[in-house]
Amino acid sequence: MAGVSRRDLLRGGAGLALGAGGLAGCQLNSGVQADAGDTRKPFAKKIDGDLAYFNWAEFINPDLIKGFEKKYGVKVRESNFDSMPAMMSKLRAGIEYDLIFPTAEFAQRLIRGNQLRVIDRDKLRAAENVFSAFDQPWYDRNSAHTTPYTMYATGIGYRADKIDSMTGSWRDLVNPDADGRSFMLDDFQEGIGMANLVNGYELNSVDPEELDRSKDFLVDLKPDLRGFSSDTTTNMTSGNAWIQHLWNGDVVNIRNQVDNPEDFKFQKCDEGIPVGSDTLAIPVNAKHPGTALMFIDYVLEPENAAANVEWIGYPMPYRGGAEEAFAGLVKDDPTIAVTVNDLDNGQQFENLEGAGRKAWDRIWTQVKVA
Amino acid sequence: MSEQRFASRFLLPGAVWLLLFFLVPLGILLAISFGTTDDLGNSLYGWHPSNYADAFDPLFAPVLLRSVGYAFATVVLCLVIGYPIAYYIARFGGRRKNALIALVVLPFFVNYLVRTYAWVAILGDEGVFNGAANTNIRFLNTPYAVVGGLVYGYLAFMILPIYAALDRMDPALIEAGKDLYGSRWNTFRHVTFPHTFQGVLAGGVLVFLPAVGDFVSAQLLGGPDEYMVGNLIQQQFFAAENWPFGAALTTLMMGFLLIFMVMYLRSAAKASREATA
């Protein structure tokens, strides 16, 4: 029973509440219902209203937003999520965003569910700057729905002025020198993925026995952790974290906010690290896809991309300004580098579906309540 | 217009409000709690009582006990802190009574989440307090910080009903207690406190119910071992993308809290019967 509107849902709920409804057996769908045709509706690349923008916090140079508003006389209404599942839950609720920033595997999941608009790449002036490796990304055939935004690697950020006994292992997360000032990312993929790597399993393993041992590893870490938190910049700049499980670019962002940037270092761990990429995409129910496409074009402009890379600290896979800007950052600190080769050779999070995803969620809950 | 029709017209807005914003969402919650999800995480309605069976996993028992423990500690602390404040305002507030009550309520104009974030900045290792006092105390990510956050968040719910009870009380009763050679403590114990007991009970329930389901305080001020039921439910909705299980946990939690609510309502009804008898 597809194509059910929110009103039907409300009616269904009311029916049950009034004791009138036997909903059991009748499969009603919530969420944004769309078919392939909805994703292919053409739209012009022109300003068609204010931009409802939905991204991680501190994941774009604020000057870009101000510059876009000024150049085109529109407002960018910014909201933030702190994890991919949190982004998904807002999308499922039917909130109409014009531009979102899903990671590759979540983009694939959204594409499979007909949740992203098809983008006419020919309309993007600077699209030819995008690395050709992204012409046929694994998560989006022909890059029809997404534009690559950044590449990332996950590792450990640490205070070199406090800790001089890093070993190169993920086990450093609970390095005793941190004296209990260690935070793990509050992110089921990064948590379980890291444990899988430490145990020598595939990053995306869904093998029940392997997952069980990865769960044990995480539970054993807990007594020495100060918390689960993805608020990495705040944790490290406030001094509450001396060790923080984080993404490479966060270190640059943190260094830009402290007086002693040389004390904040990044470690890529020997057991292997997750690498991945983020994308720009337009949800199927976007009210202003034209403005969103203008914004994507604006981000791709070499000078804007360069300014963005210097601020967020992540490489953007575009030739020209962005490439040079990141090369400049890497010259100062080679550990933060991520390249297209790393993506090809490294382990990337996959879009877990069905029983596999449920198993990861169950284990993450078990780690949290343990 | 008959009196009855007149009354029913006045009932209508309230009834519509309750239907739209209480019964309908509750119905949706119940419907989802028996559902499952598709690959996008959307809820599919159906008949899956297993969500409820999963909720009784003994794994969750410590989380529930911890939440009840924190909420109980919060009630006790709110009472110890709130009663003297309410007493002072009611008995000695004079012309400034309303202004003082306004001050108690004032922080509520700022979002609870924002206020809790402020505590993160104040109590951090290199935060405002440790900086000003030149100390090195680790406040954050401890059970004390979580309970402290809850007390701070819900204190006004304790102060207001106690204040209302004290304000209603005839001060002559206290004077009578003293006239009969009751010490200050005995007067308080045998006259003032029993007279305001319903206010204390109301405050206790008003603090306990939101505190036991709170997730903000544990999320921002707690560590890995301060996980509460609210965090568990929040995780099902925003991390595990498992709304049906989250809805089942919510439904059970509401049932559990209803026990306290019913106990309170019965006690309040009994007290008001005794008062009019």
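Which residues in α9(B) meet which residues in α12(B)? I will come to that pair after some background.

What we have here is a predicted model, in which local features need pLDDT of at least 70 and side-chain atom pairs count only at pLDDT 80 or more, while totals for chains, interfaces and linings use all residues. Residues are numbered from 1 along each chain as its sequence is written, and chains are lettered from A and ligands numbered from 1 in the order in which they are written.

Chain B as a whole, then. Chain B has 12 helices and 2 strands; these are DSSP runs numbered from the N terminus, with helices being H or I of at least four residues and strands being E of at least two. In sequence order the pattern is α-β-β-α-α-α-α-α-α-α-α-α-α-α. The C-alpha trace of chain B spans about 75 × 70 × 35 Å along its principal axes. Chain B has 277 residues, and 35% of them count as buried. Buried means that 20 or more other C-beta atoms lie within 10 Å of the residue's own, exposed means 12 or fewer, and partly exposed is in between, with C-beta atoms placed from the backbone. Among the contacts in chain B with a separation of 6 or more, 69% join residues 24 or more positions apart. A contact here is two residues whose C-beta atoms, placed from the backbone, lie within 7 Å.

Now the opening question. In α9(B) the residues are B:Gln198, B:Leu201, B:Val205, B:Phe208, B:Leu209 and B:Val212, and they meet B:Leu257, B:Phe260, B:Met261, B:Tyr264, B:Ser267, B:Ala268 and B:Ala271 in α12(B). By class, this contact has 11 nonpolar, 2 polar and no charged residues. The classes work like this: Ala, Val, Leu, Ile, Met, Phe, Trp, Tyr, Cys and Pro are nonpolar, Asp, Glu, Lys and Arg are charged, and the others, Gly among them, are polar.

Two packed helices are described by the angle between their axes and the distance between the axes. Helix α9, residues 184-212 of chain B, and helix α12, residues 243-276 of chain B, pack at about 170° with axes 11 Å apart. The axes are lines fitted to C-alpha atoms, for helices over the stretch in contact, and the angles run from 0 to 180 degrees between N-to-C directions. The two helices α9(B) and α12(B) are therefore roughly antiparallel, a label for angles over 145 degrees, with under 35 being roughly parallel, 65 to 115 roughly perpendicular and the rest oblique.

Next, α1(B). Its 31 residues should span 45 Å at 1.5 Å a residue, and the end C-alpha atoms are 42 Å apart, which agrees; the expected span is 1.5 Å times one less than the number of residues. α1(B) also bends by about 35° at B:Leu19, the bend being the angle between axes fitted to the seven residues ending there and the seven starting there. Buried residues in α1(B) include B:Val24, B:Gly27, B:Ile28 and B:Ala31.

On to the contact between the chains. Chain B puts in 37 residues and chain A 41 residues. On the side of chain B that touches chain A, the elements giving two or more residues are α1 (3-33), β2 (43-44) and α11 (229-238). The largest share, 7 residues, comes from α1(B). That side of chain B has 22 nonpolar, 11 polar and 4 charged residues.

One residue to look at here is B:Gln235, in helix α11 of chain B. B:Gln235 counts as buried, with 25 C-beta neighbours inside 10 Å. Leaving aside neighbours within four places in sequence, B:Gln235 is in contact with A:Thr365, A:Lys368 and B:Ala240.

Last, backbone angles. Most residues other than glycine have a negative phi. B:Glu241 is not a glycine, yet has a positive phi of about 50°. B:Glu241 sits in the loop between α11 and α12 of chain B. Is B:Glu241 buried or exposed? B:Glu241 is buried, with 24 other C-beta atoms within 10 Å. In chain A, A:Asp179 also has a positive phi of about 50° and is not a glycine. A:Asp179 lies in the loop between β4 (146-159) and β5 (182-184) of chain A, and is partly exposed, with 14 other C-beta atoms within 10 Å.
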